[in-house]
Structures are given as structure tokens and as C-alpha cells.
Amino acid sequence: MSDHIDGPRQVGDPAADLSDLFAFISPENHSRTVLAACVFPSAGTSAMFSNAVEYAIAVRWVTVAGLGDGAKFQPGEEEIRFSCRFDNLKRATAGTSPVQSGTCTLPDGRTLPIVVNDEKGTSTPDGVFRIFAGLRSDPFYLAWLDPPTRKGPNLLLHDNVLSIVIEFDTRRVLDPDKGTLFGAIAETVPLKPNVIGQKPPRIDWVGRPEQTNMRLGNTAAGPLDLRDLWNQETPFAISADLKPVFHQRLTASLKNWDMRDGVADWTPAALAANVNVFLDDFLLFDVAKPTTDTSHLEIEKSTINGRAYQTGGGRTVNANVIDILVTWMVNRDREFIQGGATAATKPGTNAFPYLASPNTELQMVADSVDLAATPDAVWALIGGFDPAWHPLVAKVTMTGSGVGQLRTIETIDGKQIIERLDQSDTSSRFYRYTSLSGIPASNYTGALGVKPKGDGSVVEWRSQFLADNQPDIVVKAIVSALLKTGLASLKQRFGAAK
Amino acid sequence: MTVVQEIDSAITPTTDGEIAIINLESARRRSWTRFFADPARDGIAETVVEHEQLTLQFVGDVSALDRVALLATQVAQAGMASARAALIQAQVASMAHRFADARHHLSQAEIGGAPAADVDRLRLNIDQACGNDLDGVLEARRGMANRTQDLGDLVALGSLLADLRDFTAADRTYKEALRSYLDVSPFPIAQVCFQLGMLWGELALEPDPALAACWYRQAIAVLPMYTKARVHLAEICYAEGNFSEAEALLRQVLAIGDPEVDWRLADVLMADGRFEESASRMKVAHSGFESLLERHLLAFADHGAEFYAGSGNDLRKALQLARVNASNRPTLRALEQAHDIAISANDAASAFEVESEVTCR
């Protein structure tokens with residue numbers, strides 16, 4: 001999953017867990033470059049950056065040092081570095097929401113203050129740099145259960161991440177006269193030395209997507225989890241001691257990926273070249289050529305194929321990086337392999353800060369009632385997906401049977417609600433359903449179940465949803481009334497548990 | 001080196017505790033949303049359990065146990081592989097100290113082919129919590145700690161050494177855990193500091209309250225909302241007659257809903273001569289314990305026994321709870337508690353029975 005949750009250490013403090021890195025030419029101003037890094041996979045809406053971590057994005061000039069089976073990208077020594085740090089939380093007055101500030105040290109040594117979640121970001125007075133930091137919709141999507149055979153839904157649907165977006169004047173900062181091809185990495189490193197005075201190893205770093213989870217973490221290539229070891233390596237300078245270990249794992253992994261469709265598309269020499277290129281893990285981009293939603297990995301692929309690259313490579317916010325990568329690893333671009341989704345929860349935008357606004361948290365309403373009747377007696381009434389027992393229901397039309405069955409409900413105030421049965425388990429007296437229309441909410445799912453409790457039973461009813469064009473509180477009140485009225489009617493019918 | 005210097009030199013700089021708690025709560029809520037959207041998806045239920053464990057342990061939010069009980073029901077209905085469901089149910093049962101249930105689920109998980117390492121690790125935790133085959137547990141813990149040098153494994157070893165009353169070795173192991181830590185999450189550091197506080201404040205045969213207080217203070221400095229550390233430090237402050245600090249420590253976590261906070265605050269208020277406030281706080285503590293014991297008897301039997309043997313003022317109930325606890329996990333500590341309460345209750349027969357159990361062990 002790109003670089004999300006890529007090892008035990010990352011789980012410890014999710015605010016230090018890098019999930020993605022992006023590098024692209026600004027769609028609103030082609031003279032500017034955008035670098036963005038995301039942390040905290042599946043962040044809730046109140047997530048904050050760690051104040052004990054340096055969040056950095058580093059860029060180096062890169063040259064093409066070999067083509068075809070000898071493909072090689074050689075990074076230079078000079079580094080252009082953006083380093084962000086965040087403070088403790090502050091409150092204007094007691095009881096108000098906390099605010100987090102920070103600073104970004106720019107490559108020219110200046111510092112730029114940051115206020116987290118300020119969508120306008122902060123710019124240097126000369127306009128060369130502009131920076132945003134805060135919560136956004138996760139732009140990454142992965143819709144495979146087992147690539148390339150079992151598609152699935154986007155596993156990151158409705159997820160948010162914390163992001164740092166840095167936009168700058170390409171000519172002033174990257175000096176393209178010295179070369180237009182660059183490699184970028186992002187890293188999170190503990191700020192302070194540990195007890196014996198040594199700076200602790202970096203927590204995470206990311207170059208290209210999926211270096212850790214899909215390639216080094218491919219369990220078919222070896223049982224040992226090498227991801228923490230990799231994450232502690234120094235970007236642009238993998239240690240000579242461990243390089244053979246990673247090389248061996250990448251070779252086994254890419255061989256395994258090649259054979260996942262049962263067809264060998266990679267010759268041993270080409271596969272070895274691919275391994276070498278992926279071992280040098282930095283996100284390549286060329287500021288003299290266009291970066292598009294399909295240009296990701298084009299620089300690497302063309303070079304391995306023995307041709308001059310045509311695009312700026314990089315990685316845009318909306319690039320379908322997983323399917324581009326899976327296609328390359330499995331069949332070397334013989335045939336595009338499309339997963340089960342074609343976009344993230346929200347597409348990126350063409351304007352700063354480019355990553356879409358955060359997803360709102362799903363709202364949940366849950367209620368229950370303790371009844372004097374046995375679970376079987378209660379289930380006999382309410383377990384059939386037909387909600388005629390509910391006092392707010394005037395008429396019900398059932399369509400089909402079993403999972404997928406639809407119920408069209410006319411309420412006593414004339415509204416129509418359509419719901420679909422998703423799962424039913426009579427033995428444990430439980431069903432799940434999705435509301436398709438009629439309630440001002442999207443992604444509405446519900447679950448109703450009956451369990452034994454003492455001499456009687458308890459009915460539990462739960463719904464969750466995203467309010468649709470209505471304030472959360474309004475939709476919550478509607479759903480809450482629906483549940484409460486239904487459960488109260490059961491209490492009248494069966495009697496309350498003593 | 002003074003104690004304070006020793007503590008300072010042992011602590012790695014970590015993420016501010018307030019940020020960590022906000023992020024935990026943020027991640028916890030999000031993990032539940034993801035679980036309800038797709039309960040059977042790989043890793044989601046496990047993540048929820050992990051977040052709820054942290055919330056229970058470090059925030060002291062006892063309703064985490066209610067939430068994981070709901071999760072265990074949902075897991076059974078979610079259609080996930082039975083071994084995985086059984087492993088999650090074992091974790092949830094273990095979290096609520098329902099160790100017999102946990103063992104049953106663990107056996108089911110094992111039969112169903114759950115990963116052996118996960119099964120073994122949880123079984124070891126249960127054996128340790130129940131005082132079962134401690135020699136075997138010690139050997140396994142030492143092996144794991146030597147192999148990984150991981151903070152979690154070192155803390156588990158330290159805790160076992162403390163249970164076995166090798167306090168010096170426990171102290172050394174906890175400090176080794178602190179030195180081994182290279183990450184930025186404050187939770188593990190706060191946990192070790194708390195364990196060191198417990199070691200020297202409650203477990204050692206000759207307690208050193210001043211040293212314990214230093215460690216509790218450090219745990220709170222790292223994680224201000226660490227309810228358990230606040231309660232234990234407040235007890236020390238109370239014993240020293242420092243009622244204002246004890247009250248301040250407890251008031252900041254009153255909203256969490258842990259009845260032990262209400263109980264300790266009632267004691268402080270009583271000692272400070274504020275009888276009406278104390279009485280109303282004690283009423284909240286009483287109803288809080290009753291409610292908790294009704295829902296999660298085994299998880300709170302020892303704390304309940306301590307409460308009713310003290311300000312809760314019901315020695316019969318205290319003894320009943322202490323024996324429930326000792327029967328659930330017959331550790332030396334649990335048996336000692338039951339024995340002491342039986343003596344206080346003038347129940348010689350019960351005291352004799354407990355003594356016999358100690359002798360048998």
C-alpha cells in the first residue's frame with residue numbers, strides 16, 4: 001500500500017509514518033514545481049504532526065548513467081532540502097480547538113512559518129516558495145485484493161492523511177541549467193539524540209511508491225520482514241553491507257511479480273536492470289518535460305527499454321501509480337492491468353495545495369433496547385428484512401430474495417426509502433444493509449441484530465453515513481428518530497427486560 | 001547521579017503527550033469507521049483492538065472494554081476466517097481478564113490455523129497474568145528479550161521479574177527497555193516509567209515512595225493524560241498529606257469515567273475536611289464500580305476488592321471480589337489480597353482456604 005504502515009516502527013507513531021511522495025510541475029503555473037509528502041495513513045479529522053520529528057523532502061540532481069540492461073541513474077552529492085518541524089499545540093483560550101504551528105527551513109537557509117491546516121499556505125515575501133501543511137483526502141488509491149487477479153474496492157476510500165505541500169519557482173530553486181533530471185525522497189527522522197547521544201535512525205523514508213510493501217515486503221520473496229531495516233537506511237546511500245540483502249530480496253520479489261499472470265515477460269537481464277533501478281529508490285522527475293497523470297515511471301521504463309525518456313516522469317496527485325507499477329512488474333507493459341477503482345476518494349485539484357480537502361468523518365448512530373422476550377421471538381418479528389413492524393412504515397414492497405434483496409419503504413409522512421440487504425445471518429440473528437436512497441446521506445449502511453441477555457434479549461441497531469447536503473446534526477436527528485421509534489415499539493410489544 | 005538525573009538521562013525525547021493522545025483518538029475513531037464499513041477486511045478489526053487497548057491502558061477510558069465487546073460480537077458475524085475471528089476474540093477476552101474464555105478462543109484459533117507466533121505470544125501473556133508455569137514463562141520471556149531487545153519484550157520480562165520479586169533485575173530490565181527505545185511515540189516510555197513507579201511504590205518489599213513518585217511524575221510528564229499514573233501519584237501525595245497536589249492530579253482526569261479517580265478524590269476531599277464534596281464523589285465512585293463490575297467483573301475484581309475493603313466500606317463484598325479475582329488468576333499478589341481482606345473481615349475460614357491455595361502453589 002504505497003508506503004502506508006510499512007513496518008512495525010511506523011505503527012508506533014502514525015504521524016511519522018510516510019505514506020506517499022509526489023513530484024510534478026504545477027498545473028496552474030508551469031514555471032513552478034510541486035513536491036508533496038503525506039504521513040499518518042487513515043488519519044482522523046483531528047490528527048496533528050509530531051513535534052519530535054523532522055519531516056524532510058530532499059532532491060538531488062540525477063544523471064542517466066546507463067541504458068537498457070545497464071540502466072542506471074546516478075544521483076549527485078549536492079542536496080536541495082526542505083525540512084519541516086512542528087510545535088506543541090496551542091489554544092487561544094481554554095476549551096477551544098488546538099492549533100499547531102511549525103516552520104520549514106528552505107534550501108536557501110530561510111525559514112517559513114507554517115500554520116497547520118491553513119489552506120492558503122504561507123509564501124516567502126519574494127513568492128519563490130509556498131508551503132501548506134495539514135489534513136487532506138488521501139490521494140492514493142489501491143483497489144486490489146490480490147494483484148493482478150483479484151480486484152477489489154479502493155482500500156483507502158474516505159481516508160485522510162496529513163500532508164506537506166511545497167511549491168516553488170523551478171528556475172530559482174532547482175537551477176535546471178545544471179541538469180533537469182532529479183531524484184526526490186521524503187523522510188521522517190527523530191529530532192533529538194537518544195540517551196547515549198546518538199541520533200536515532202530515521203523512522204521512515206519514501207522514494208517511489210511501494211518499495212517497502214509490495215517489493216521488499218512481498219512475502220512470496222522471503223519470510224523475513226526487511227521493511228524496518230530498509231527504512232533506517234540513508235536515502236541516496238544504501239549501505240554496502242546491506243545492499244546485497246535488499247538486492248536479493250528485490251530480485252526474488254520482481255521474479256515473483258513477473259510470474260503472477262503465469263507468463264514470463266522479463267528476461268533475466270532486463271529483470272536485473274529493473275532490480276538495480278528500483279534499488280536506487282528515489283522518485284525521478286524531469287522539470288524540462290511535462291509531468292502528467294500517466295507519466296509516472298516513464299523515465300525508468302524508457303531507460304530500461306533502451307530509449308531516451310519522453311516525459312517528466314514524477315508523480316502527479318491523480319496518477320494511478322499502483323496499476324502503472326503492477327502492469328510494469330507483471331507484464332512489462334504488454335497489457336494495462338486495471339484494478340477495481342480508477343480514482344481516489346476525491347481527485348486532486350489544479351490549484352494549490354493540489355490535494356483535495358479532507359473527507360468528513362462518517363457519522364454513526366447506535367441504539368439498543370433490552371426486551372423481556374427471547375431472542376428467537378424477537379427475531380421472528382424483525383429478522384426478515386421486511387420492516388413492516390416499524391411504526392413509521394406505511395407500506396413496504398420487497399423485491400428479490402436473499403442477499404441483494406431490496407425493500408422499498410413508504411413512510412407514514414409520504415417519503416420513500418430504498419434499502420438493500422448486504423448480509424444476513426439467521427443463526428446469529430443479524431443482518432446488514434445499505435440505504436440506496438431516501439435519506440439525505442451517502443455511504444449509509446446499517447446493521448440490526450438480536451442477542452440473548454439475561455432471561456430476555458437485547459436488540460442492537462446501528463447506522464453510519466455521510467450527511468449529504470445537510471448538516472451532520474440534522475441527518476443524525478433523522479436517523480436517530482428512526483432507530484429510537486423502532487426500538488421503542490419493540491419495547492411496547494415485547495415488554496422491557498426486568 | 002541523582003534519581004532525577006538518572007530519569008532524565010534515560011528518557012528519549014518523544015512526541016508531545018497531548019498530540020499523541022489526540023492522534024490516538026483520531027486514529028481510533030477512524031479505525032472504527034473502517035471496521036463498520038467492512039468488518040472482515042484484513043487487519044481492520046485488529047487495528048481497532050490495538051487502538052482500544054492503548055485507550056484503556058493510557059487514557060483509562062474503561063468504556064473501551066464495552067466497545068471491544070461489541071467488536072467481538074461483530075467479528076463473529078462478519079464472516080471472516082474462523083481462526084482470525086477466534087484470535088481477535090481471545091485478545092478481547094484477555095483484555096477484559098476473562099482468561100478462561102481467552103484460552104478457549106485461543107485453542108480455537110490454533111486449531112483453525114492462526115499464526116503460531118500470535119497464538120504463542122498471547123498464550124504467554126495469559127500464563128503470565130494468571131501466574132501459570134512462571135518458570136516456563138520466564139525462560140520464554142528471557143529468550144524473546146535477548147533476541148529482539150525490543151521495548152515491549154523487555155517490559156514484559158521486567159514485569160514478570162517483579163512478579164517473581166526479583167526487584168533489582170526488574171529495575172535493570174525496565175531501564176534497559178528505556179535505553180533501547182529509538183522511536184518517538186510516548187506511550188512505551190510512559191508505560192516503562194509507570195512500571196518503575198509501581199515497582200518501587202507498590203511491589204517492592206520495602207517501598208520507596210519518593211522514588212516511585214519520581215517515576216510516576218515522569219510518566220505524566222511524557223503523557224499528561226495517563227490516568228493510572230495520576231491515580232498512583234495522587235495516592236502517594238495523599239499519604240504524604242499533600243492534598244492539593246493529589247486533588248489537582250485527579251481532577252484533570254475526572255471526566256474519563258474511571259471510578260477509581262472518583263474514589264481517590266473522595267478520600268482526598270475527606271482528609272481535607274470537605275465532607276459534602278467527598279460524600280457526593282464517593283457516591284459516584286460506588287455507582288461507577290457497581291456498573292463496571294456488572295459489565296466486566298473479572299477486569300475490575302481486584303480494583304473493586306480494594307475499593308470495598310477501603311472507603312467502599314463493604315468487607316464482605318471485598319472478600320467476594322478478591323476471591324473471584326484470585327480464582328481467575330491465582331497469582332501470589334491476588335492471593336495475598338484475598339488473604340489480607342479475609343483477615344480484615346475476620347473470616348478465618350476464608351483466610352485458611354486462601355493460605356492452603358498459596359501453599360499448594
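Domain bounds, as used below, come from an automatic or database domain assignment. The structure is a predicted model, in which local features need pLDDT of at least 70 and side-chain atom pairs count only at pLDDT 80 or more, while totals for chains, interfaces and linings use all residues. Residues are numbered from 1 along each chain as its sequence is written, and chains are lettered from A in the order in which they are written.

**Exercise 1. List the domains of chain B, and describe how domain 1 of chain B meets domain 4 of chain B.**

Step 1. The assignment divides chain B into domain 1 (16-132), domain 2 (141-206), domain 3 (224-288) and domain 4 (296-361).

Step 2. Between the C-alpha centres of domain 1 and domain 4 of chain B there are 28 Å.

Step 3. Eight residues of domain 1 of chain B are in contact (C-beta atoms, placed from the backbone, within 7 Å) with eight residues of domain 4 of chain B.

**Exercise 2. Describe the side of chain A that touches chain B.**

Step 1. Chain A brings 37 residues to the contact and chain B brings 30 residues.

Step 2. Elements are DSSP runs numbered from the N terminus, with helices (H or I) of at least four residues and strands (E) of at least two; those of chain A giving two or more residues to this side are helix H1 (8-12), strand E4 (72-90), strand E18 (416-425) and strand E20 (441-453).

Step 3. E20(A) gives the most, with three residues.

**Exercise 3. State how confident the predictor is in chain B.**

Step 1. With pLDDT defined as the predictor's confidence in each residue, from 0 to 100, chain B has a mean of 93, and 98% of its residues reach 70 or more.

Conventions. Two residues are in contact if their C-beta atoms, placed from the backbone, lie within 7 Å.
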